[in-house]
Structures are given as C-alpha cells and as structure tokens.
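Here are my notes on the model you sent over.

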Amino acid sequence: MDLTINDQTYQVADDPPRVLLWVLRDELGLTGTKFGCGAGYCGACTVHLDGVAVRSCLTPLRQAAGKKVTTIEGLARGEVLHPVQRAFLEVQAPQCGWCMSGQMMAAAALIAANPDPSDEEITAAMEGNFCRCGAYVRIRRAVARAAVLARSPGEAA
C-alpha cells in the first residue's frame, strides 16, 4: 500500500495487524514519533492524519492509506520551523523531551483548527498529552505563543 507521509510517498506491506506507529518508527525510520504507553493515553505518539491529531499507536495502518500523514519530521517546511516548534524553543518548553513531539503535533492541530485559542481551549486540547516532567505551564505558554506566531508569520522567534 502507498502511504503519503510528510509529502513523500512510501510503499509498505499491507499487513492488517500493524499500527501506524511501528511502520513510522521501525520501517521508515521516522523516530521523532515516540512510543509512550501503547494504549493511546499519553499522546507521545501523536501524528496528524489529514490534519487531525491521532494516536499512531492505535491507528491501524490501513486507516492511513489514501490520507496525508504528518509527523514531527514533517512539521517544518525545509529549514523554516513551524510556529509551534519556534514557540516551544523560545519558551524552552521541553525538559526531557519524551513527550515533546506529541505535544507539538497536538498543538499544531489545535492552532490549525483554532488560530486564536483561549487558555481554556489550550488546556482542553492538550490535556490528553502527558508530560513526565510536569512542564505543563511552559507547554501551555508555548502553545499560546505558537498561536501568536502563526497569526503573524513575520515575527522573529
């Protein structure tokens, strides 16, 4: 089956029991997507499927066929970081980094759907992504900053 991941087409075997996470990490080497709980609770494996944040550890491979998959590796455009990536660096949100790719993918999906989220909307959108370090205040601050950067793309990081 063909998969479109980060605007590139990949041929992978159509093997029903596989989930998207293992194809991304083990077969295609896109290791930015993390394995966390394996049960869809922590959000470390969050990717976009046609722009919607999904848990790749629960997404059957067949569900990704014919859709656009975006991983953390595909969030930037060449050398230009996505506003979420710029904001997370600017705010110094990451601590250990285990959850950050999932956090950033959830934040990017939120901002794409809601360019001016309130604090409550940010909290609600991000509450399914766990951070072992407890950096939630910095993460919320980074998401709010990312929304500002996305609305004014010329603003320096």
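This is a predicted model: local features need pLDDT of at least 70, side-chain atom pairs count only at pLDDT 80 or more; totals for chains, interfaces and linings use all residues.

1. Ile-5 sits opposite Gln-8 of β2.

2. Next comes helix α1 (residues 20-27), where Leu-20, Leu-21, Val-23 and Leu-24 are buried. What do the buried residues of α1 pack against? Their partners are β1, β3, α2 (61-64) and β5. Just past the end of α1 there is another positive phi to check: Gly-29, at about 75 degrees.

3. On to α4, which has 14 residues. From first C-alpha to last it reaches 20 Å, close to the 20 Å expected at 1.5 Å a residue.

4. Is α4 mostly enclosed or open? Twelve of its 14 residues are buried, so α4 is largely enclosed by the rest of the structure; buried here means under 20% relative accessible area. The buried set includes Met-100, Met-104 and Met-105, as well as Ala-106, Ala-107, Ala-108 and Ala-109.

5. As for what surrounds α4, its buried residues pack against the strands β3 (46-49), β4 (52-55) and β5, and against the helices α3 (83-91), α5 (119-126) and α6 (136-151).

6. The largest pocket holds about 280 Å³ of space. It is lined by 15 residues, and the closest to its centre are His-48, Thr-70, Leu-75, Arg-77 and His-82. Which elements give two or more residues to this lining? They are β5 (68-70) and α4 (100-113). By type, the lining divides into seven nonpolar, five polar and three charged residues.

7. Last, a look towards the other end of the chain. Gly-154 lies in the segment after α6. Gly-154 is exposed, with a relative accessible area of 79%. If you want a sense of distance, Gly-154 and Pro-17 are 137 residues apart in sequence and 45 Å apart in space, C-alpha to C-alpha.

Definitions and conventions: Residues are numbered from 1 along each chain as its sequence is written. Side-chain values use heavy atoms; hydrogens and water are left out. On a 1 Å grid over the protein atoms alone, a cavity is a set of points where a 1.4 Å probe fits but cannot get out, and a pocket is an open set with protein on both sides within 12 Å along at least five of seven lines; lining residues have an atom within 4 Å of a point. Grid points are joined across faces, edges and corners, and a volume is the space filled by probe spheres set on the points. Helices (H or I, at least four residues) and strands (E, at least two) are DSSP runs, numbered from the N terminus. Ala, Val, Leu, Ile, Met, Phe, Trp, Tyr, Cys and Pro count as nonpolar, Asp, Glu, Lys and Arg as charged, and the others, Gly among them, as polar. The expected span of a helix is 1.5 Å times one less than its number of residues. Buried means under 20% relative accessible area, exposed over 50%, partly exposed in between (1.4 Å probe, protein chains only). Contact means heavy atoms within 4.5 Å. Two strands pair if DSSP finds at least two bridges between them.
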